[in-house]
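Welcome, and please open your viewer so that we can walk through this model together. Keep the selection tool at hand, as each stop begins with something to pick.

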Amino acid sequence: MSSSPTLASRLKGRSELGVALLLGAAGVMVFLDANGLATPYSKSDPVGPRTVPFIVAGLLVVCAVLLAVNVLRGGKGEAEGGEDVDLAHPADWKTVLPLVGAFIANILLIDWAGWVISGTVLFWGSVWALGGRHYVRDGLISLALSILTFYGFFLGLGIALPAGLLEGIL
Amino acid sequence: MTIVVGYVPTPEGEAALAQAIAEARKSNSRLLVINSSKGDALVDNRYAQEPEIQSIEDRLATQGIDHVIKQPVRGHDAAAEVLDAAEEHNADLIVIGLRRRTPVGKLILGSTSQRILLEADCPVLAVKAG
Amino acid sequence: MDVFSSLMDGFATALTPMNFLYAVIGVVLGTAVGVLPGLGPAMTVALLLPVTYALEPTSAFIMFAGIYYGGMYGGSTTSILLNTPGESSSVVTAIEGNKMAKAGRAAQALATAAIGSFVAGTIGTTLLAVCAPIVVQFAVSLGSPSYFAIMVLALLAVTAVLGSSRLRGFAALGLGLAIGLVGMDSVTGQQRLTFGMPLLADGLDIVVVAVAIFAVGEALWVAAHLRRTPLHVIPVGRPWMGKQDWKRSWKPWLRGTAFGFPFGALPAGGAEIPTFLSYVTEKRLSKHPEEFGHGAIEGVAGPEAANNAAAAGTLTPMLALGLPTNATAAVMLAAFTSYGIQPGPQLFASQGPLVWALIASLFIGNLLLLIINLPLAPLWAKLLQLPRPYLYAGILFFATLGAYSVNLQAFDLVILLVLGALGFMMRRFGLPVLPLILGVILGPRLEGQLRKTLQLSAGNPAGLWSEPIAVGIYVIVAVILLWPLLMRLWRKARPGRRPLLPANSGAADYSD
């Protein structure tokens, strides 16, 4: 048992190296992209489109290196707390992944099936992922919310959300 | 013998607890106190906090009652938790507190106590707040 | 005189029935989200950005201002009744406020917080109305070099001073600046970081970025770490105060205001430091120091006033210079951009009626908060029993809706998810989100000023420090950047000196 906290902390340290990696990758990406830009010399724009990206790329890479050093030396980012957040237990992926699933389902459905259907799927799926088990009641709430926002956006904001499969009915 | 009591920090819950303590002393039983929450909101005033639990603990200890206090938070409703505990510990008696409700109120809000009364395999003692 | 008449015109605009209605909606909504776990004013304004497509700017900003002040108020309610401060600025309020509530004085704690917020908010807004035009007068005389320097200062100050790790702050800033680069370069028309995708040519919409970072990232983060043991909310009736409480509260209110406003107005002041300073001061000056730690009313009155005065102070650089220094102000600035309104010193001239109506609505909102919320406190406490599945599902639902309605493209939702995952990761590893959002908003403007400056100096970098004010600001920037080094030398020279602020104030960790 005594080795598990050190193992956990080592794992945590390692996962934070991923952040450094991401920063470094972003920096390299910004640099390569800027490097590919044409810079016609012009008196009206001596700075050109490349200067700022180069500075940003430099900042990102320096941060990546320093963060990697910091993490390897035992530095740790302080996870953000909050009134409804309990950091005593590890991330609950069984909640997060279904939430992301509901989100992706909405992206795939929205243009084809329309907002009323995809929004219902999104809300119902999210409620389910978060532990709601009143399937019928939650379903009715989801549907009502989607229909209300559909008409609310159309009548109130003048935005026509896609009707999709229900075109003609709504 | 084992007695299960469903406890909530309300007058009904206190009445149930008092009755359960009396029953436990009479029959020299083990007392299992269940105080559960679905845990689906940040705040649940029916879930007893540390000081309340401590005072119950002290009260039971001074009376010399063999007891266990459990506070499950598993997303189940209170009836399921009490029934679960009763089944698991082969309870001989369940004690619950009843709220006063009109027949219409009862119809709309299916109640915890009703479900326990209907589904329990052992005798159920229902008390009202004094 | 001019300020006064402009302000009166502002009141005339803000008090039209429709605008007044939006003010009421704003403060009620703001208080509700301040009370609700996991929601804050920045997220709420971000989620409401789609209304900018239909609503008149004046009405929208009146509503946003109400949400801003209301959120502050709601936050203090939960920290007093629950001892779970949602924002770092209400941490100090919770110390004494929750002790008071536990001792059966919840009504008095809520009352002194509410009335103190009103006093501080009103004085703070008055100072805003007086100071902002002066700042503007000063700012319009500045050239590009100075303005560029001020923006650099704002970005670096927020990044370096707030938060517990400067390194992680700069990492977040870098990511934000990179996101701000995406799209067509405004001068040469070349595409940057678009990877050949035409959908990215217009850049990432600030609505999508703000909603992703503040709403999606936050909802996923909270969902991963939901508190498992339910809490009790301390029962409370209608807030009220006795004569003794008034006597002990009024001075802390005024002192708190004096701490709060200037810190809020500084580029990196925020509300944490003044609330803490106010607490320490009240503890030192109190005639009942023994009560501190057991529920001293001064310890609620002072910090709560400081918090609200800082909120008003924050609006000074936001309106006068176009520089946001906290998350809500940053999202409000995004709303300006969304209307095509150019924030900056010229805002008072070009959008005078809008700005003055906004300031007037702050006075109105403050009064509304007091009138509406004192009797409603027990009702707000009930909101905490809302089942979470609906709460967080609702955040994701409206986040999706908001981001989608910008362009009606499912592609924006992919970006929303990717940036939401980024927001999740940042919360997990302690990267502050504020520098990122400022980087996205200020980055492009910063680049614009830089190019303008060097265009004027014909490419000579010396043009950057061609104005004395710019030079002065760069000196301040250098001090901020070298501060950890200076502190280290200082400590070496005087060993054994304790840091001035406690570890949780977020200002004392210079370990990197």
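Below is a short tour, one stop at a time.

**Before you start**

This is a predicted model, in which local features need pLDDT of at least 70, side-chain atom pairs count only at pLDDT 80 or more, and totals for chains, interfaces and linings use all residues. Residues are numbered from 1 along each chain as its sequence is written, chains are lettered from A and ligands numbered from 1 in the order in which they are written, and side-chain values use heavy atoms, with hydrogens and water left out.

**Stop 1: where chain A meets chain C**

Colour chain A and chain C separately. How many residues of chain A are in contact with chain C? There are 79 of them, and they meet 77 residues of chain C; contact means heavy atoms within 4.5 Å. The size of an interface is often given as the accessible area lost when the parts come together. Here chain A and chain C bury about 6600 Å² between them, with 71% of it on carbon and sulfur atoms. Buried area is the accessible area (1.4 Å probe) that two parts lose on being put together, summed over both. Now select Glu83(A), Asp84(A) and Phe103(A): in chain A they lose the most area to chain C, together 13% of what that side buries.

While you are in chain A, click on Ala105(A), which sits in helix H3 (residues 93–113). Helices (H or I, at least four residues) and strands (E, at least two) are DSSP runs, numbered from the N terminus. Ala105(A) is partly exposed, with a relative accessible area of 22%. Buried means under 20% relative accessible area, exposed over 50%, and partly exposed in between (1.4 Å probe, protein chains only). Draw a distance from Ala105(A) to Gly119(A), 14 residues apart in sequence: C-alpha to C-alpha, the gap is 9.5 Å.

**Stop 2: around helix H11 of chain C**

Select Ala296(C), in the loop between helix H10 (272–285) and helix H11 (298–321) of chain C. Is Ala296(C) buried or exposed? Its relative accessible area is 0%, so it counts as buried. Leaving aside residues up to four places away in sequence, Ala296(C) touches Glu96(C), Met100(C), Arg248(C) and Glu291(C).

Move on to Gly299(C), found in helix H11 of chain C. Gly299(C) is buried too, with a relative accessible area of 0%. Its contacts, not counting residues up to four places away in sequence, are Val92(C), Glu96(C), Tyr279(C) and Phe292(C).

Next, find Gln108(C) in helix H5 (residues 91–140) of chain C. At 8% relative accessibility, Gln108(C) is buried. Beyond residues up to four places away in sequence, Gln108(C) touches Met100(C), Trp240(C), Met241(C), Asp245(C) and Ile297(C).

**Stop 3: two positive phi angles**

Select Phe195(C), in the loop between E2 and H8 of chain C. Phi of Phe195(C) is near 55 degrees, a positive value in a residue other than glycine. Phe195(C) is partly exposed, at 49% relative accessible area.

In the loop between helix H17 (433–456) and helix H18 (468–493) of chain C you will find Ala458(C). Phi of Ala458(C) is near 55 degrees, again positive in a residue other than glycine. Ala458(C) counts as exposed because its relative accessibility is 63%.

**Stop 4: the largest cavity**

Finally, show Gly71(C), Met72(C), Gly75(C), Ser76(C), Glu87(C), Ser89(C), Ser90(C) and Asn307(C), which line the largest cavity. On a 1 Å grid over the protein atoms alone, a cavity is a set of points where a 1.4 Å probe fits but cannot get out, and lining residues have an atom within 4 Å of a point. The largest cavity has a volume of about 50 Å³, and the structure holds four cavities of 30 Å³ or more. Grid points are joined across faces, edges and corners, and a volume is the space filled by probe spheres set on the points. Helix H4 (residues 57–82) of chain C gives the most to this lining, with four residues.

Terms used. 1 Å grid on protein atoms, 1.4 Å probe; cavity = no way out; pocket = protein on both sides within 12 Å on 5 of 7 lines; lining within 4 Å.
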